[in-house]
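Please open the structure and keep it in view while you read. These notes go helix by helix.

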Amino acid sequence: MDLEARGEQEAALQWPGWHAPPEKLPAQTPHERLRVHRGFRSRILPDSRDLIVYVPPSYDAEPARSYPVLYLHDGQNLFDPATSYIPGRTWMVREHADAAIAAGEIEPLVIVGIYNTGERRLAEYTHERDWQMGGGEADSYGALLTLELIPWIAEHYRVRTERDQTGLGGSSLGGLVSLYLGLKNSESFGRLAVLSPSVWWNHKSILGVVSETAPLLEHKPRIWLDAGDHEGRMTLRDAELLAYRLRANGWSDEDNLHFERIHGGTHDEASWSTRVRPLLKFLFPHNGL
């Protein structure tokens with residue numbers, strides 16, 4: 001097992017409404033276009049979780065406009081240096097999104113960061129139970145997203161709800177669960193950001209999920225997939241194997257798959273930050289696909 005795996009080892013009811021606080025709180029490191037919602041509660045999973053929502057520069061000035069939306073896991077690591085796993089180091093999602101929008105590279109979009117729940121992160125971000133490490137609650141987490149969170153965001157923010165206007169993404173186990181839920185809920189998610197995925201989980205069973213699910217999909221999601229060449233030999237090899245499996249099941253580099261080996265890429269927020277702008281350009285290009 002490589003260092004990534006060791007690190008991770010250590011480490012339907014429609015909800016009628018979430019009782020949100022009436023105010024939108026500032027991030028701990030404030031910015032006028034970051035809105036924080038504390039303690040999102042679910043009927044499906046026990047732990048509450050915070051949300052942090054980025055709106056694009058045009059959001060308040062164009063009240064009649066609605067936007068594509070990207071949901072990202074591990075929300076505390078995306079925007080706010082005060083909440084990140086390594087203090088001061090984030091994906092800098094706001095900065096990269098703002099720059100890409102200003103350059104006309106991408107469509108303005110709303111980005112929702114979903115905080116993980118600490119000790120139960122591994123359980124919620126894995127699709128099958130491993131006999132040593134447990135886990136296997138990704139289907140319940142996916143139900144939380146599709147039945148509770150997405151409707152709540154649509155109620156409180158001007159987002160588009162069509163599958164091809166809705167993305168899901170994350171890194172490591174967050175990358176794994178993004179791919180799994182994107183395949184299992186392809187009617188909800190049309191664009192996936194799969195960074196440094198933990199393909200190793202439960203003997204690489206996600207590869208079987210790809211082969212079993214792909215023939216059933218009416219529409220294949222558009223996928224950004226990457227891995228760094230300094231993340232461990234197995235991490236890169238597994239990502240290459242996943243790319244091969246996706247191509248064998250109908251994804252195409254010319255159409256709906258971008259696989260990239262990140263030169264010098266490491267398994268941390270600083271490296272994932274460098275991939276934000278390119279993945280946004282691939283998933284949400286200006287003037288659509």
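Predicted model: local features only at pLDDT ≥ 70, side-chain atom pairs only at ≥ 80, totals over all residues.

1. Start with the pair H6 and H7. Helix H6 covers residues 201-213 and helix H7 covers residues 233-248. Their axes come within 10 Å and cross at roughly 10°. Angles under 35 degrees count as roughly parallel, so H6 is roughly parallel to H7.

2. Which residues make this contact? From H6 come Lys204, Leu207, Gly208, Val210 and Ser211. From H7 come Met234, Asp238, Leu241, Leu242, Arg245 and Leu246. By type, the contact of H6 with H7 has six nonpolar, two polar and three charged residues.

3. Now check the length of H6. Its 13 residues should span 18 Å at 1.5 Å a residue. The end C-alpha atoms are 18 Å apart, which agrees.

4. What is buried in H6? Trp201, Asn202, Ser205, Ile206, Leu207, Val209, Val210 and Thr213 are. Their cover includes helix H3 (121-124), helix H5 (173-184) and H7. Leu207 and Val210 of H6 are buried, and both take part in the contact with H7.

5. Turn to helix H8, residues 269-283. Its 15 residues should span 21 Å at 1.5 Å a residue. The end C-alpha atoms are 20 Å apart, which agrees. Where does H8 bend? The bend is at Val276, by about 35°. A proline, Pro278, follows within four residues.

6. Val276 is also one of the buried residues of H8. Others on that list include Trp272, Leu279, Leu280 and Phe282. Among the elements that cover the buried residues of H8 are helix H2 (93-102), strand E4 (69-72) and strand E9 (257-262).

How values were computed:
Residues numbered from 1 in each chain as written. Heavy atoms only, no water. Axes fitted to C-alpha atoms, helices over the stretch in contact; angles between N-to-C directions. Helix = DSSP H or I, 4+ residues; strand = E, 2+ residues; numbered from the N terminus. Parallel < 35°, antiparallel > 145°, perpendicular 65-115°, else oblique. Contact = heavy atoms within 4.5 Å. Nonpolar A, V, L, I, M, F, W, Y, C, P; charged D, E, K, R; others polar. Expected span 1.5 Å × (residues − 1). Bend = angle between axes of the 7 residues up to and from the residue. Buried < 20%, exposed > 50% of the residue type's maximum accessible area, 1.4 Å probe, protein only.
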